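I opened the file to look up the ligand site and a few backbone angles. My entries follow.

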Amino acid sequence: MAFFTKIKNLFNRKVLRRDRDRLNYQYETGRWGTLGDLEELSRFSVIAGYAQFLKPQGRILEIGAGEGYLQQRFDASRYSLYYSTDVSDVAVAKGKGHENEKTRYLVADMNTYVPDTDFDCIIINEAIYYGGSVDKVLGRLARYLRQDGIFIVSVNGDARNEPWRRMVNESTFPRIDQTVVQCTRNTFTITVLGK
Ligand SMILES: C[S@@+](CC[C@H](N)C(=O)[O-])C[C@H]1O[C@@H](n2cnc3c(N)ncnc32)[C@H](O)[C@@H]1O
């Protein structure tokens, strides 16, 4: 990366505290590399299982997908469309190689993104923390969810995320099911909500 680009990014990250620059830096320096580890597989498997069972051949939007590990663990024959989106263009670029005629990797901010289509299933996998509140994020995205569509939200077990678990449990969106995954690295509460 050119010297002046590095300085600009440093300024954006440290002085302006721009989220995208900070996240890009984290992806460039490998901070999120562990998300592809075996210890994360059970979380991805439960989410993919819900989506594939409840919405066979569904149209799926993933928000805050990083470099796309969840999409890469799906059985691609079991969805008709998959948008893997993240605010970090560095993360999205890492996943681009997995694109095909029904799978797209897109740069999108969950707080402003306006999709060009609608979906059967919207997944927010360990990314809800970057929205103002659970119902704020889901309420905005509900416009792009079909009438009988579902949300799938994963919140990890870190103590600081207790408010997020509570917000999911107290959401105005109706709960369809919930699974708690206990794996070596962490605990994940995965909740399926209706519209
Ligand atoms: C903990 S990582 C999870 C990544 C991925 N879902 C996974 O589980 O492997 C959180 C992700 O949220 C993304 N993110 C942060 N703010 C965002 C925003 N406003 N809109 C979309 N994605 C965002 C980050 O870039 C990062 O990739």
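I take buried to mean under 20% relative accessible area, exposed over 50%, and partly exposed in between (1.4 Å probe, protein chains only). Helices (H or I, at least four residues) and strands (E, at least two) are DSSP runs, numbered from the N terminus.

The model is predicted, so I note that local features need pLDDT of at least 70 and side-chain atom pairs count only at pLDDT 80 or more, while totals for chains, interfaces and linings use all residues. Residues are numbered from 1 along each chain as its sequence is written, and side-chain values use heavy atoms, with hydrogens and water left out.

Entry: helix H2. I listed the buried residues of H2 and found Asp21, Leu23, Asn24, Gln26 and Tyr27.

Entry: ligand shell. I counted 21 residues around the ligand, the closest being Tyr27, Arg43, Gly64, Asp86 and Asn125; the cut-off for near is a heavy atom within 4 Å. By class the shell has eleven nonpolar, five polar and five charged residues. Here Ala, Val, Leu, Ile, Met, Phe, Trp, Tyr, Cys and Pro count as nonpolar, Asp, Glu, Lys and Arg as charged, and the others, Gly among them, as polar. Helices H2 (19-28) and H3 (41-54) each supply at least two residues of this shell.

Entry: ligand distances. I found a side-chain N or O atom of arginine 43 at 2.7 Å from a ligand oxygen. A ligand nitrogen lies 2.8 Å from a backbone N or O atom of glycine 64, and a backbone N or O atom of methionine 110 is likewise 2.8 Å from a ligand nitrogen. The protein covers 96% of the 590 Å² of accessible area that the ligand has on its own (Shrake-Rupley method, 1.4 Å probe).

Entry: Most residues other than glycine have a negative phi. Which residue in the loop between H3 and strand S1 (58-63) did I check? It was glutamine 57, with phi near 60 degrees; this residue is partly exposed at 45% relative accessible area. Glutamate 126 also has a positive phi, of about 60 degrees. I placed glutamate 126 in the loop between strand S4 (119-125) and helix H6 (134-141), and it is buried at 15%.

Entry: asparagine 161. I found asparagine 161 in the loop between strand S5 (145-156) and helix H7 (162-169). Asparagine 161 counts as buried because its relative accessibility is 6%. Its side chain makes a polar contact of 2.9 Å with that of asparagine 156. A polar contact is a pair of N or O atoms within 3.5 Å; within protein, one must be able to donate a hydrogen and the other to accept it, and residues adjacent in sequence count only if both atoms are side-chain atoms.
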